[in-house]
Amino acid sequence: MRTLLGRELPVAELAGALARAEAGRGGLVLLTGEAGIGKTALAEHVTGTAAARGFRTRWGSSGGPAFWPWIQVLRQHHAELGTGGEHPWLRPLPVAPRPDELARFRLFDDLAGLLTADRAPTLVVLDDLHWADEGTVRCLEFLVPQLRSAPLLVVGACREAPEGELARLGERIELTGLDAAATGSLLNQVTGTAPEPELLAAVHQRCGGNPFLATELARLLRHTAAPVALATVPAGVRQVTALRLAELPSDAVDLLCQAAVLGLTVDIRELAHMAGLSTSETCSRLAEPLRQGLISQQAEHLLRFPHSLLQEAVADRIPAPERAASHRRAATAIAACARADEASSRLAEHLTLGERGDEAAVHRVRAGRAAFRALAYEDAAVSFQQALDLLGDDDRDRVRRARILLALAEARFHSGALPAAVSGYEQAFDLARAVGDGETAARAALGCCVGNQLALHEPQLVRRLELALDGLPPGDGELRARVLARLAKELDPAETSRERRGLVAGQALAMARRLCGPDQPGDPATLAEVLSAYHQAMWSPHNARERLVVAAEAASAAERAGADLLAMEAHMWCLVANLDLGERNAVEESLATTGRLAERLRHPLWLYYQRLCAATIRHADGDFAEAESLTRQALTHGRQANHPLAEASFHHHLARLALDRGDLPTAEAATKAYTDLINAVPQLSPALRCVTVWLRARLGHHLEARSQLDRLLADGAKPLAETTVGVPVVLLLAEVAHLTRAKDHAATLAEALRPYAGLVATSAGNPLGLISHALANLAVLQDRPEEAESHFQSTVDQARRMGARPWLATARTDYAEFLRSRDNPHSHEQARQAEQEAAALGMPTLAARAQALQDNR
């Protein structure tokens with residue numbers, strides 16, 4: 001292998017990275033430096049080294065369509081191993097009736113799986129990352145964290161140090177200019193003659209050690225008949241290129257300039273069409289540029305300039321007044337020779353530079369839609385924005401602008417740029433209404449709701465949905481059903497009667513059923529979406545069985561439609577309903593179903609929800625170690641999904657676990673972290689602040705908790721109980737009242753909870769406790785012993801039936817304390833069983849309390 005001149009240290013660093021990858025500790029190394037500094041040469045060198053060590057090597061270069069570097073990598077992988085042929089990048093993606101939110105996640109995850117499946121040491125080089133589409137970079141960001149335990153090294157080459165996530169994930173090697181000795185050796189390699197010291201000094205000074213420029217100077221020296229005076233050694237690539245082109249025939253220079261207009265890589269057929277020549281005549285005229293290395297043959301019909309600097313310098317030879325016409329001829333040639341679905345982006349670029357803005361806008365939109373279908377959402381957003389920039393202000397363009405704004409917002413949403421997406425949906429809605437485009441306005445109104453991640457009730461969303469309905473034609477329609485369903489979800493039950501929510505949701509469901517009835521072409525995914533909204537609108541702790549029926553129907557409709565996300569959501573609703581009912585066997589079945597779905601979908605948001613729900617169920621089982629493991633998994637997935645409450649939920653559940661384990665320092669720290677996170681977002685539901693009061697009371701801060709309880713219950717418990725998460729909130733406050741002996745609040749809390757006796761209080765699928773237990777403790781505070789006795793017995797029976805061992809141990813302890821206060825001899829047996837259960841579970845604080853109840857008979 002040829003020695004790489006002047007790069008001994010970077011070569012050694014890359015050898016170390018290869019050794020780590022070979023040992024199963026891969027990663028990302030970024031080679032940075034100015035154009036021509038030798039990044040590609042160094043990457044080629046490390047590729048040869050890796051191949052000699054038995055690595056598989058893959059190479060992808062930027063500058064083509066969306067995901068082009070990864071497509072090249074996959075093609076090489078498939079050609080060598082025969083695997084990966086089914087990956088969507090190697091076959092056309094089907095056109096879906098609605099975007100698949102999981103498709104791109106699976107796309108990236110499948111790529112990671114293919115490259116690491118058999119754990120063979122692999123090197124992937126991604127050249128010219130500074131030209132890469134945003135989707136390629138997002139895929140790299142997804143892949144790199146998985147390489148820490150994989151034998152895969154990715155080497156990326158880019159001109160400038162990356163910003164954002166890549167800068168954090170990758171190790172950086174910055175290349176600078178060669179020293180004089182290495183520059184002299186390079187000149188010797190190219191010319192075959194050692195340079196005179198004076199010439200070497202002049203060349204090194206002018207090129208600053210840049211290997212590409214030094215090589216171009218060396219080729220100039222080799223191909224120039226007359227000697228070059230030291231004072232006239234050119235200082236930049238344009239000057240060097242001008243001198244090299246002066247040695248060529250004029251017709252070759254003209255053809256080379258047209259090739260440079262077409263781009264870095266040139267299709268000979270397009271160049272021939274642009275120049276009005278035959279393919280053979282085109283090749284003949286380029287013979288001398290090919291011999292001198294100004295351009296090279298890449299494949300049968302492809303030529304490539306050796307570097308973008310050279311291509312740009314040649315293109316700049318065209319006089320400025322003639323450049324627009326050159327780009328128009330290039331667009332005509334591309335349209336004649338290339339497939340329209342593959343050439344939209346290139347056509348748009350040349351038509352823009354050719355000052356044909358209206359035609360360019362059409363192709364920008366086509367390019368955007370093609371990129372969206374290819375899941376290159378960032379590229380799609382760029383194309384749609386460029387189309388908007390090219391449009392005029394007449395009425396026809398305003399209609400087009402509204403639709404392009406909607407497409408831009410959808411691309412931004414799927415790329416993860418949520419604030420920009422919401423802003424785009426709002427602009428699209430306003431403009432679509434102004435021009436009377438009801439369908440675009442309705443779709444934009446639905447899009448505006450995607451920003452409501454915390455399910456806050458926002459009047460402006462309701463108003464847009466109502467206006468969208470006014471703009472749609474009357475009668476049944478899938479879009480109308482979806483808007484009605486979303487309106488039902490967004491209506492605030494605190495400000496709007498439950499009857500209106502139910503009425504709107506019922507209208508949506510009836511319409512969806514008609515559209516999906518026998519012999520109707522309706523989309524079952526729409527029915528599933530509407531059923532989900534209906535489920536949310538009818539939600540009440542009273543009607544868990546009715547909710548279960550609706551959720552099961554939604555799951556069935558979603559599965560018929562192949563709508564995986566809607567099916568996952570519906571199965572989670574089934575799980576929640578079964579939790580509310582305390583149906584232990586059904587809970588385990590639902591937990592298994594959602595677990596399988598979450599694993600298959602591999603979607604971070606649903607993995608987060610499922611793991612968090614599973615964690616609280618295992619906590620209620622008494623499997624604290626598994627509960628903590630699942631809680632930490634949920635945090636990882638919540639971070640990947642950018643869920644706004646992922647960190648707060650983690651600290652909440654960690655605090656609950658620590659309290660049961662008797663680990664007060666961890667519980668204190670987690671409670672503080674949770675409180676700080678919740679207080680940082682004032683618009684969050686007051687329910688989340690009730691959790692802080694409950695945690696502080698459990699930690700023994702009774703005076704503080706009592707003060708907060710007095711404030712929260714200033715108007716009684718009923719207003720809190722009527723909110724969407726009212727029952728679990730009142731349950732927590734009932735326990736605060738029990739811990740702080742707040743007798744004056746017991747009656748209002750008991751009144752609010754009494755209708756739900758026998759149910760499990762759950763919040764977002766997380767079981768928090770048995771309502772009968774809270775009612776028992778409240779009855780003790782009110783000195784109602786018969787009622788307390790009945791509720792304690794119900795609680796013990798229900799906890800035992802559910803297998804909720806921590807709840808059972810806690811209930812027995814509270815029951816024993818109540819019985820002891822009544823001088824009931826059964827107190828000792830309840831305390832003994834509670835101590836035994838608590839000790840077995842690892843609940844030392846509770847076990848000590850139960851022991852004390854036995855000691856004080």
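## A briefing on cores, a helix and a hairpin

Let's start with Val483, which touches Ala442, Leu446, Leu465, Ala468, Leu469 and Leu472, leaving aside residues up to four places away in sequence. Keep in mind that this is a predicted model. Val483 also belongs to the largest nonpolar core, which has 103 residues. The points below take in that core, another one, a helix and a hairpin.

**Nonpolar cores**
- Within the largest nonpolar core, Val483 joins Trp70, Trp89, Leu140 and Val154 as the residues that touch the most other members.
- Helix H20 (residues 395-415) supplies the largest share of this core, with eight residues.

**Helix H32**
- Helix H32 covers residues 646-661 and should span 22 Å, because its 16 residues are counted at 1.5 Å a residue.
- The end C-alpha atoms of H32 are 23 Å apart, which agrees with that expectation.
- Most of H32 is covered, with 14 of its 16 residues buried.
- Just after H32 comes Gly662, which takes a positive phi of about 80°.

**The hairpin of S9 and S10**
- Strand S9 (residues 760-763) and strand S10 (residues 766-770) run antiparallel and are joined by four bridges.
- Thr762 has Pro767, in S10, as its bridge partner.
- Two residues lie between the strands of this hairpin, where Ala764 takes a positive phi near 55°.

Technical notes. Residues numbered from 1 in each chain as written. Predicted model: local features only at pLDDT ≥ 70, side-chain atom pairs only at ≥ 80, totals over all residues. Heavy atoms only, no water. Expected span 1.5 Å × (residues − 1). Buried < 20%, exposed > 50% of the residue type's maximum accessible area, 1.4 Å probe, protein only. Core = buried A, V, L, I, M, F, W, Y, C linked by side-chain atoms within 4.5 Å. Contact = heavy atoms within 4.5 Å. Pairing = 2+ DSSP bridges.
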